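Hi there,

Here is the structure I promised to pass on. Have a look at it first, and then read my notes below.

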Amino acid sequence: MLAVRAVAFGGPEVLVPGEAPVPVPGAGQVVVAVSDVDVLFLDTQIRGGWGEQFGLTPPFVPGGAVAGHVAAVGPGVAPAWVGRAVAARTVHFGGYAEHALVAEQALVAVPDGVGLAEAAALQHDGPTAVGLFDGAEIQPGEWVLITGAAGGMGVLLVQLARSAGARVIAAARGARKLKEVENLGAEVVVDYSTNWLDRLHEATDGIGPQVVFDGVGGDLGAAAFTATARGGRFSAHGAASGGFAPIDPREAERRGIRVRGIEQVQFTTEEAKRLTERALSDAAAGRIRPLIGQTFPLTAAADAHAAIEARQTLGKTLLQVSPTR
């Protein structure tokens, strides 16, 4: 089969397509014939060197979530899974390939009305967005700020916050991204390259947003924290800038702001599956939809990574796999 390996830690050029053996499912495992692969900003960080923190040593096949059809099952797995459309997290990466190994307990059947591309796009961001949304306890009429609002998870948070009756402020960079989140229901859109904090202050009558979902981190996340309303809730889950927002816990306590970090989205396998099923159900019902901004063939994984790192992408980025040769 065709697979893309990271032959070293480094830039996108270390992602090299080549032949690899088709995985063989063990007990409690299945092999999925892959149609679509979810590509995360985290994938670029793992390729760049963070992989050591995940126990990876080059060469390795990146990719943590796929959608496709079950091609084979291992001992103890119901044969009825064969041929079914599924989406799932993979067994210790390995998703950038024509076939991927998946634990049966991670399998989620794709419901009618949801395509495989949409299912792949919801594998990581769907459960994360739903989990963050639940934890924020948004009330109707509250101002909600979402940084990185045009990203894969950001667009889902915009939709979820709107469904709760919130007044959404979407922060992103560039007219194209701002237009997309406005179309999804954001009441106010702000561009990082402008005096965006002034716009926040004006929109909220000087109070600030009661809820902040920070998917960016770094200096932008720190700035968003300064704008948060007293007694508000701040989710510091994002590190797309290279690090999480640096927040002084004493300042948070002084202003009565409840701060939650990355720990809130570190789900067990069972939790992740439940939240994924819920996200797919919401998609089937039309309550949310992922924004797939761009797709690349599997062999162009390096181009996908380069586009993500250059901040040229909108919404989700997917790798699409051709039928098995």
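Which residue in S5 is the bridge partner of Val-66? That partner is Ala-88. Before going further, some ground rules: this is a predicted model, where local features need pLDDT of at least 70 and side-chain atom pairs count only at pLDDT 80 or more, while totals for chains, interfaces and linings use all residues. Residues are numbered from 1 along each chain as its sequence is written, and side-chain values use heavy atoms, with hydrogens and water left out.

A word on the labels: helices (H or I, at least four residues) and strands (E, at least two) are DSSP runs, numbered from the N terminus. Two strands pair if DSSP finds at least two bridges between them.

Back to S5 (residues 85-89): 5 bridges join this strand to S4, and the two run antiparallel. S4 (residues 65-73) is also joined to S3 (residues 29-39), again antiparallel, by 7 bridges. Along that pairing, Asp-36 stands opposite Ala-67 in S4.

Now for the open sheet. It has 6 strands in the order S10-S9-S8-S11-S12-S13, with parallel pairing. S10 (188-191) and S13 (258-260) stand at the edges with a single partner strand each, so one side of each has no neighbour in the sheet. On average, neighbouring strands here are turned by 15° against each other, direction ignored. (Axes are lines fitted to C-alpha atoms, for helices over the stretch in contact, and angles run from 0 to 180 degrees between N-to-C directions.)

Phe-234 has Val-259 in S13 as its bridge partner.

Among the buried ones are Met-153, Leu-156 and Leu-160. The buried residues of H4 pack against H3, S8, S9, H5, S11 and S15. After H4 comes Gly-165, with a positive phi near 85°.

Happy browsing!

Methods
Buried means under 20% relative accessible area, exposed over 50%, partly exposed in between (1.4 Å probe, protein chains only). Contact means heavy atoms within 4.5 Å.
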